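Please look over the model below. A short report follows, arranged by topic.

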Amino acid sequence: MTTQTRKEAFHAVTPHPSSARAVPIEGDVAPGVPLPARPPLPTANVTGRPLFGPSWFAAVMGTGIVANAVVTLPRSLPGLRTAATVVWSGAGLLLVVLAVGYLRQRALRVHAADPTQAQFFGAPAVAFLTVGAGALQLGRPVIGERAALDVDLTLWSFGTALGLATAATVPYLMVTRHRFAPDAAFGGWLMPVVPPLVSATTGALLVPHMPAGQPRLALVLGCYAMFGLGLLAALLVLAMVYSRLVHHDAPTGAMVPTVWIGLGALGQIVTGLGALATAAPAALPAPYVHGTAVLALLGGVGVWGFAMLWLALATALTVREFRAGLPFAPTWWSFIFPLGACVTGTSALAARTGSQVFVWAAVVLYVLLVAAWVVVAYRSLRHAAAHTGGSRSRA
């Protein structure tokens, strides 16, 4: 059976939403014959409660990085680390609530069949990784040294396995099952391939805690391999997203915030280069250690420059859409983690160079990050309260 035939057989029983800009493959119907009506994807489970998609795990990602970024900041204030610890605790609690809620609604197959929702399967993986890193960086005074390490190692292992599975499975579904219009590429396509980048960055924090010798070496090399996987895949997707932006109409509505995900991928690349260069001396011979430091500085600054270009583009598109009226959607969380990754990347360059340009850029970006997080968190709580109230009134 050919790939074309497999796709046709799959889509004969699997609907695809209009938001994914899915289109029929040539040959599905005769010319001039209208497409048959297809039932929409289920929006509620058997209890009648509305389904929530994996994109909501971006709330954990964003909240977690607001806390974790404090650890990397080149400037701080009294009480800021304590506040960050409270925020990290909130992210951990939210992760538990969302994970339990998502598993209980049994919507995995429904969302895997949806060309848009499937892209956000990377969000739960990054959520686990972010909360795990916060346990090691912020949780030690609260839960103890050993418990913090155990929590991070557990969440990192699970998040990494989930992220690698997502990075392999979602592109496979896109090739064999989903169908897209020429203008379908959007920032969400980065979500399945970004988790290995985050695994590489957060895995570097675990290197000093691994036994010396082969275990430590294996972790460093594994992190570099995941970094390469995420780096090349992210650059491929960024090229497709940029091509879509310049060849088709500008994105509108809920799709606009997803443009910021490109900034997150670039910021994570800079952060990862710095974190791996810091961890390398514990496992690699001296010549390679020097190479990682050079790559973290020169490569990091180069990618940071492109990130600033993407930041300017994303900001301009967002301001343009706000003027037209941008309604709230879960994709608003796409503003937060990317901006946080930009903060951690800028902070890494500030620590490595001592440049005041990077020092104050990191501080300004963090202030913007906190302001954006407050707004999006408030709107999310209002959105959740409204939908919960609506569900109860119908019950």
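## Cysteines

Is Cys342 buried or exposed? Cys342 counts as buried, because its relative accessibility is 2% and the cut-off for burial is under 20%. Cys223 is also buried. Its relative accessible area is 1%.

A disulfide is a covalent bond between the sulfur atoms of two cysteines. The count of disulfides here is zero. That count rests on a distance rule: two cysteine sulfur atoms must lie within 2.5 Å. The model is a predicted one.

## Overall fold

The protein chain holds 13 helices and zero strands. Read along the sequence, its pattern is α-α-α-α-α-α-α-α-α-α-α-α-α.

Of the contacts with a separation of 6 or more, 82% join residues 24 or more positions apart.

## Burial and surface

The protein chain has 395 residues, and 50% of them are buried.

## Helix 2

Helix 2 covers residues 58-72, which is 15 residues. From first C-alpha to last, helix 2 reaches 21 Å. That is close to the expected 21 Å, at 1.5 Å a residue. Helix 2 also has a kink of about 25°, centred on Val66.

Why is helix 2 described as largely enclosed by the rest of the structure? Because 13 of its 15 residues are buried.

Key: Residues numbered from 1 in each chain as written. Predicted model: local features only at pLDDT ≥ 70, side-chain atom pairs only at ≥ 80, totals over all residues. Heavy atoms only, no water. Helix = DSSP H or I, 4+ residues; strand = E, 2+ residues; numbered from the N terminus. Buried < 20%, exposed > 50% of the residue type's maximum accessible area, 1.4 Å probe, protein only. Contact = heavy atoms within 4.5 Å. Expected span 1.5 Å × (residues − 1). Bend = angle between axes of the 7 residues up to and from the residue.
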